[in-house]
Amino acid sequence: MLAAAAVCPCPPLLQPQVAAGAAAELAALRESCAAALDTLAEARPDRLVVLGPGAGEDRTPYPPGTPGSFRGFGAAVDVVLGSGSSHPGAAPLPASLAVGAWLLADHGWAACPVEGFAVGTGCPPGRCAELGAALAAGPARTSLLVLGDGSACRTVKAPGYLDERAAPFDALAAEALGAADTAALAGLDPVLAEEIGAAGRAPWQVLAGAAAGAGLAGKLLYDEAPYGVGYFVAAWS
């Protein structure tokens, strides 16, 4: 069963050493992420699954102890998924899950074991729903840390330049995340999401599949678009 969920964005800039001079600009975002993680810990889960966007059209599992790094972003910072021993020979975490591993380490997460899944940004909505239902199945109390950004086209300086469709898409996503509206999340258009660079679409739809029928309530903790990219933080419990 799904006990709780936290939704956070996953720009590497969340890591202060990557952000460097811009670190202070994202302080409120980091504080909101920490508050969302508090909700996960308060749910006393038996396991935590970290979901983030990856390549392809399905999911890739990452076991506890999988290493990750921010070295490709100019910061000599290494992370490990969960609190177990690192597995140097394992395939490294994708950037989204490395951000998740860092958020958990910064929070001092020790509530339960942690595992990860990268969900392909091309994963169809129906398949996302199936993956979510499978994660929530069984008697174990499962919590999800769901990582993903909104559109990358909110301003002319955004990574994807300005697209007039981006703001309405982000508004719909933010409202759905804040209300724990699984139907609205499941209905997000995957084609539009790809065109405006909203990499969070697939992980959010996995969350929708996991939370269907769970009766969770949501709270939107952050909704801004620094650098022209939609960032949302929400807590479901």
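How many residues does helix α2 have, and how far does helix α2 reach from its first C-alpha to its last? In this predicted model, helix α2 covers residues 27-42, which makes 16 residues, and reaches 23 Å between those two C-alpha atoms, close to the 22 Å expected at 1.5 Å a residue.

**Helix α2**

- Among the residues of α2, Leu-29, Arg-30, Ser-32, Cys-33, Ala-36, Leu-37, Thr-39 and Leu-40 are buried.
- Because these buried residues fall within an arc of 165° when α2 is seen down its axis, they line one face of the helix.

**The cavity**

- The structure contains one cavity of 30 Å³ or more, and the volume of the largest cavity is about 30 Å³.
- The lining of the largest cavity is made up of Leu-51, Arg-59, Phe-117, Val-119, Leu-131, Leu-135 and Val-206.
- Two elements, β6 (114-120) and α4 (125-136), each give two or more residues to this lining.
- Sorted by class, the lining of the largest cavity has six nonpolar residues and one charged residue, with no polar residues.

Terms used:
Residues are numbered from 1 along each chain as its sequence is written. This is a predicted model: local features need pLDDT of at least 70, side-chain atom pairs count only at pLDDT 80 or more; totals for chains, interfaces and linings use all residues. Side-chain values use heavy atoms; hydrogens and water are left out. On a 1 Å grid over the protein atoms alone, a cavity is a set of points where a 1.4 Å probe fits but cannot get out, and a pocket is an open set with protein on both sides within 12 Å along at least five of seven lines; lining residues have an atom within 4 Å of a point. Grid points are joined across faces, edges and corners, and a volume is the space filled by probe spheres set on the points. Helices (H or I, at least four residues) and strands (E, at least two) are DSSP runs, numbered from the N terminus. Ala, Val, Leu, Ile, Met, Phe, Trp, Tyr, Cys and Pro count as nonpolar, Asp, Glu, Lys and Arg as charged, and the others, Gly among them, as polar. The expected span of a helix is 1.5 Å times one less than its number of residues. Buried means under 20% relative accessible area, exposed over 50%, partly exposed in between (1.4 Å probe, protein chains only). The arc is that of the directions from the helix axis to the C-beta atoms.
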